[in-house]
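Visitor: Hi! Could you walk me through this one with me asking questions as we go?
Guide: Happy to, let's look together.

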Amino acid sequence: MLAMKPGHSIDTRMGGQHTAFIHPARGDLIMRILIYSARPHDDHFLTARFRQSGHEVTSRAESLCPDTADMASGAEVVCSFVNDQLDATVLGKLRQLGVRLILQRAAGIDNIDLATAHQLGFTVAHAPAYSPWAVAEHATALLLALNRHIPTAWQQVQRGNYLLDGLLGFDLHDKTALIVGLGRIGHCFARIMQGFGCHVLAYDPMLPVDQRLPGIEFGELADLWPRADVVSLHAPLLPATRHMVDARLLATSRPGMLLINTGRGALVDTRALIDSLSAGRPGGYAADVYENEKPLFFHDCSDHPHQDPLLDELLRLPNVLMTPHQAFFTREALEGIASAMEQALTAWQAGKPAPGILHA
Ligand code: NAI
């Protein structure tokens with residue numbers, strides 16, 4: 001339970017099951033915020049910012065799930081991250097405890113049952129537009145590392161092996177890059193690929209025509225996929241996009257094509273991908289996300305590494321590279337996320353709109 005600070009007076013303007021407290025000097029409302037899945041960088045960027053604004057913050061390393069929902073007792077605001085579980089069960093518990101605002105410190109919101117959240121009267125906000133460059137640049141790093149075999153080369157050099165055998169890559173210049181999902185991050189990745197001198201194709205059935213970048217060819221996924229030397233996934237995870245990269249689509253890959261996924265793991269059918277990679281179509285896969293990453297990513301599992309046979313099988317393939325959901329992890333992005341969270345909180349308190357507040 002979070003305690004009231006001396007000198008703060010009680011305010012009933014916010015309604016609900018909790019009394020809210022007014023900052024003695026500024027007169028605005030102090031919120032009690034619980035941050036789930038908190039890591040040291042969250043304390044540095046997020047907790048510090050909330051505290052500077054006078055809010056009472058508790059951060060917990062535990063992720064949000066039915067067993068940990070009770071930790072939110074006494075908080076009006078819960079701050080969640082991508083692998084926290086905000087399904088009907090958890091949302092029901094949070095509502096009973098008096099939580100009213102959910103701040104998701106990420107762009108993706110596929111871990112939140114939004115319909116139930118709105119039905120239960122929660123306000124849900126996310127960080128829609130923090131540094132898309134962070135993710136696009138990481139996708140580029142993955143592409144270059146995969147294409148030029150950088151991890152293998154580095155391991156070989158460390159062992160004193162300076163041979164080039166097995167390290168052959170290809171020029172990106174004059175190649176064709178397909179971007180699936182041409183939103184904020186997809187646009188940045190398109191610009192980077194154009195800078196490399198690639199022909200850029202895009203599949204985005206939801207993008208209004210007036211938001212299309214010049215010099216990009218749009219079309220249907222099944223038509224564009226076989227033409228690509230590089231495919232990068234930047235669509236959100238939705239029922240319509242789950243396993244959009246399936247066995248049928250993968251079979252049409254150009255031999256040697258490199259598939260990059262910084263979007264969400266479940267955009268790709270991992271079982272089908274493993275079979276296709278073994279057959280050389282695509283030629284390689286570099287990802288920052290994995291469809292069953294929830295119990296593993298953001299934890300140190302080095303004491304018991306082999307918990308997921310499907311992931312083990314994927315990682316054993318020589319043409320696979322993976323990072324642990326770190327594409328967003330730059331100073332600029334963390335500043336941007338913290339600022340978006342604070343902006344959403346302040347707007348919510350004032351009953352005003354903010355770019356990150358999601359509507360039913
Ligand atoms: P955005 O909302 O700006 O762009 C998403 C684009 O996907 C939109 O243009 C939308 O029209 C398009 N889209 C929707 N349905 C589609 C479909 N069926 N097929 C193809 N395109 C479709 O989102 P933003 O900021 O570009 O982020 C994209 C995704 O990247 C997020 O949803 C999140 O899952 C992921 N992400 C990953 C991070 C990481 O650290 N690995 C960090 C941030 C985001």
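Visitor: Which residues is Arg105 in contact with, leaving aside its neighbours within four places in sequence?
Guide: Arg105 is in contact with Ile35, Tyr36, Ser37, Ala38, Asp42, Leu46, Cys79, Ser80, Phe81, Ile337 and Met341. Contact here means heavy atoms within 4.5 Å. Keep in mind that this is a predicted model, where local features need pLDDT of at least 70 and side-chain atom pairs count only at pLDDT 80 or more, while totals for chains, interfaces and linings use all residues. Residues are numbered from 1 along each chain as its sequence is written, and side-chain values use heavy atoms, with hydrogens and water left out.

Visitor: Is Arg105 buried or exposed?
Guide: Arg105 is buried, because its relative accessible area is 2%. Buried means under 20% relative accessible area, exposed means over 50%, and partly exposed is in between (1.4 Å probe, protein chains only).

Visitor: And where does Arg105 lie?
Guide: Look in the loop between strand 7 (101-104) and helix 3 (114-119). Helices (H or I, at least four residues) and strands (E, at least two) are DSSP runs, numbered from the N terminus.

Visitor: What is the phi of His325?
Guide: His325 has a positive phi of about 55 degrees and is not a glycine. His325 sits in the loop between strand 15 and helix 11, and is buried with a relative accessible area of 7%.

Visitor: Which loop holds Gln326?
Guide: Gln326 lies in the loop between strand 15 (320-322) and helix 11 (331-350). Gln326 is partly exposed, at 33%. Leaving aside neighbours within four places in sequence, Gln326 is in contact with His138 and Asp288.

Visitor: New topic: which peptide bond is cis?
Guide: The bond from Arg281 to Pro282 is cis, with omega near 5 degrees. Pro282 is in the loop between helix 9 and strand 14 (284-287).

Visitor: How do helix 1 and helix 11 pack?
Guide: Their axes come within 10 Å and cross at roughly 30 degrees. That makes helix 1 roughly parallel to helix 11. Axes are lines fitted to C-alpha atoms, for helices over the stretch in contact, and angles run from 0 to 180 degrees between N-to-C directions. Angles under 35 degrees count as roughly parallel, over 145 as roughly antiparallel, 65 to 115 as roughly perpendicular and the rest as oblique.

Visitor: Which way is the crossing of helix 1 and helix 11, left-handed or right-handed?
Guide: That crossing is right-handed. A crossing is left-handed if the near helix is turned anticlockwise from the far one by less than a right angle, and right-handed if clockwise.

Visitor: How about helix 4 and helix 6?
Guide: Helix 4 (residues 132-147) and helix 6 (residues 184-195) pack at about 50 degrees, with their axes 8 Å apart. That makes helix 4 oblique to helix 6, and helix 4 passes helix 6 in a right-handed crossing.

Visitor: And the crossing of helix 9 and helix 10, left-handed or right-handed?
Guide: The crossing of helix 9 and helix 10 is left-handed.
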